[in-house]
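Visitor: I would like to learn how to read a model feature by feature, beginning with the backbone and moving on to helices and individual side chains. Could you take me through it slowly?

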Amino acid sequence: MGREKVSINLSSKAGIPLFKKFAMFDSGLVPLERTCKDAALFQRCRISSLRMDLFIGERSMELGDMAEKTEGGIRYHWDKSDKLVKVLKDNRVTPYYSWCYVPLPVQPEGGSFRSIPTDWEKYREIMKNFAAHYRELDSPLGYQEIYNEPINPGAFFDGTPEDYNKLYEYGVTGIRQGDPEALVGGPAEAFVLPEQECRENIAAFLEFAEKKGLPLDFFSFHSYGFQEQVYVRRLHLMREVLAEKSCFNNAEIHINELNSVPPPWPYEKTKLEQPALLPEILTVIEDLLEETDVELVHWAQMLDSGVDALGLTDYLGRIRPGYFAFELYGRMPVERADVQCCPDLGCLASADKERFAALLWNKSEEVKEIEECIYGIPSTFAWADVCVIDSQFLKGLEKDPQRRLQKQFRLPVREGRVELPRFLLGIWDVLYIEGNAEPEGKVTLNPGLEIRQTLHYYPNRWKKCYAEYDKDSGCVYLGANGCEGRGTVLSLRIRNAGDSIRLQKVSCGGKGKLILRMDYYTDGYVKAVQFGGKREEFSRGTKRPADILAEEADELLEIGRYAPKGWEGEGLLSFFPEGTDGGYRECIRLTAPVSRLFDNLLD
């Protein structure tokens, strides 16, 4: 048994913030009724999106006839899909549609959902109408993907890599015709072929997309397995190929199917159903936080498909141990604190004015006797609740499959410190400490301002700097994370902006210059003003240097002063960190935070 000390300083901000970029994937085999019934489980984990492969074109599936051929043309059946979208949005989850597979009207006679489309123009029209329908519903879909694992022999597509490239061309062209602001991407690389062959296929896909001038807002791939950080190795391979094409510096990376357990996934007592999965998930989260051009990671899967045992809940909706990794991480504030611990332990800690949290897990194969000290705690906190997920807790889960997180005991905060002496952390055990304070009261900031989309531009996607907007805290987070010079550019598509935007600086550190730019949208992007810096090319909005160069803004961005005639508050607000030293970090609140009062205690 090893003895270890863990030290957490909440007054020292360090590392990449705990962004809520960890989301969920569900197979199209999951019945829509179950997704609707269990949608509240997504909200408990604070996941941002749910990726779904829709199984369009397979008549036996619920959305198989979403597009159907008739004598008069094509008939669309929206009712089931619209219900699904509404239920997810009601639970604060953005639907992420993988438009797969081949719709019925373009399948050959005797073909299937895997077939190569018989009519490319008709396929483009179908995709256009899919996207236009959801634009009419105020664009509830966060991302739209073509397709799912097209290069997975014998599984989902009968065509060649070249056929997929054509499928992508007509698919994303149709989507953008139906919704010019839709975020589109692919290719959902499956990594079932040797890595060198995957690399060659991806290079050919990007070459094709560049030559055709096709949009690529996100680049997606899948990874299963944990040993030797296979998911990081594959990510670096994909990034290496993507970085060769500067025309795609705007493309986010999405690992939109990820599980640490490789196939097969039988219905028997495997790691998927055991507590060993919980610390493994937390280690994956810890690893992928460091990969800052990876904007979304979808765990496969949340709800069990009934075909394999991958779900964090089983086919009856009973919670499995791995679910709690996401629920605990979802509870934690974004602003990360400095942590000191040994490599045999994993530890994440964070704090804001309402909550502080520390998450500790055992990575080793031996019991650890730990001493944990959290200090630098603000005076507004009086207590810290301790939750342990161990064999005893999981025995209770077997008896009550809907069991919630529970506090085992409470520790006092004395002189800004909480101390946990001589605690035994078993193999696979997880320890969570959380303190809550009364909120300051209702915060009103830029009322009515709506953040519709978050976009990025990576001057160098290998740099570990970060630029993110977090909807729960209402804050923009910018940081060099040890990287000097120009950072990642963050752009927010906004609506209802009004004449001015108040910038509430929550924290800052290090040296750097923040430049802001506003691109105004009327019947297109017509004008841009830049606050600070110098005019230069820009890849979004008007796609030209700013028309007006204004003085550097501090706490108030007077965008109405420079607005074109007829402007109604819609546009693109961008943040450019420049000339940063390695210690630069800045947090700016744009909108009021989501209150945690409804979720204050570990009951």
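Visitor: Is S139 buried, partly exposed or exposed, and what decides the class?

Guide: In this predicted model, a residue is called buried under 20% relative accessible area and exposed over 50%, with partly exposed in between. S139 has a relative accessibility of 24%, and therefore counts as partly exposed. The residue sits in the loop between helix 4 and strand 7 (143-145).

Visitor: What is there to read in the phi angle of S139?

Guide: Most residues other than glycine have a negative phi. S139 has a positive phi of about 50 degrees although it is not a glycine. E228 belongs to the loop between strand 9 (218-224) and helix 7 (230-243), and with a relative accessible area of 74% it is exposed.

Visitor: Where should I look for cis peptide bonds, and what are their omega values?

Guide: Most peptide bonds are trans. Here the bond from P263 to P264 is cis, with omega near 0 degrees, and P264 is located in the loop between strand 10 (252-259) and helix 8. A cis bond also joins A300 and Q301, where omega is about 15 degrees; Q301 is placed in the loop between strand 11 (294-300) and helix 9.

Visitor: Which classes of residue make up the contact of helix 8 with helix 9?

Guide: Let us take the geometry before the composition. Helix 8 (residues 277-289) packs against helix 9 at an angle of about 45 degrees, with the axes 7 Å apart, and so helix 8 is oblique to helix 9. Helix 8 passes helix 9 in a right-handed crossing. On helix 8 the contact is made by L278, I281, L282, I285 and L289, and on helix 9 by F324, A325, F326 and Y329. By class, this contact has nine nonpolar residues, with no polar and no charged ones.

Visitor: Why is helix 9 described as largely enclosed?

Guide: Nine of the nine residues of helix 9 (residues 323-331) are buried, so the helix is largely enclosed by the rest of the structure. The buried residues include E327 and R331 as well as L328 and G330.

Visitor: Which backbone atoms does the side chain of N362 reach?

Guide: The side chain of N362 reaches the backbone oxygen of E366 at 2.9 Å and the backbone oxygen of G426 at 3.1 Å. N362 is part of strand 14 (residues 355-362) and, at 2% relative accessibility, counts as buried. Beyond its neighbours within four places in sequence, N362 is in contact with residues including P279, D344, V367 and W428. The C-alpha atoms of N362 and P343, 19 residues apart along the chain, are separated by 9.6 Å.

Visitor: Is D519 buried or exposed, and what does its side chain meet?

Guide: D519, in strand 26 (residues 513-521), has 0% relative accessibility and therefore counts as buried. The side chain of D519 makes a polar contact with the side chain of R517 at 2.7 Å, and also reaches the backbone nitrogen of T542 at 3.1 Å. With residues up to four places away in sequence set aside, D519 touches Y525, F538, R540, E570 and L572, among others.

Terms used:
Residues numbered from 1 in each chain as written. Predicted model: local features only at pLDDT ≥ 70, side-chain atom pairs only at ≥ 80, totals over all residues. Heavy atoms only, no water. Helix = DSSP H or I, 4+ residues; strand = E, 2+ residues; numbered from the N terminus. Buried < 20%, exposed > 50% of the residue type's maximum accessible area, 1.4 Å probe, protein only. Polar contact = N/O pair within 3.5 Å; in protein donor to acceptor, adjacent residues only side chain to side chain. Contact = heavy atoms within 4.5 Å. Axes fitted to C-alpha atoms, helices over the stretch in contact; angles between N-to-C directions. Parallel < 35°, antiparallel > 145°, perpendicular 65-115°, else oblique. Left-handed = near helix turned anticlockwise from the far one by under 90°. Nonpolar A, V, L, I, M, F, W, Y, C, P; charged D, E, K, R; others polar.
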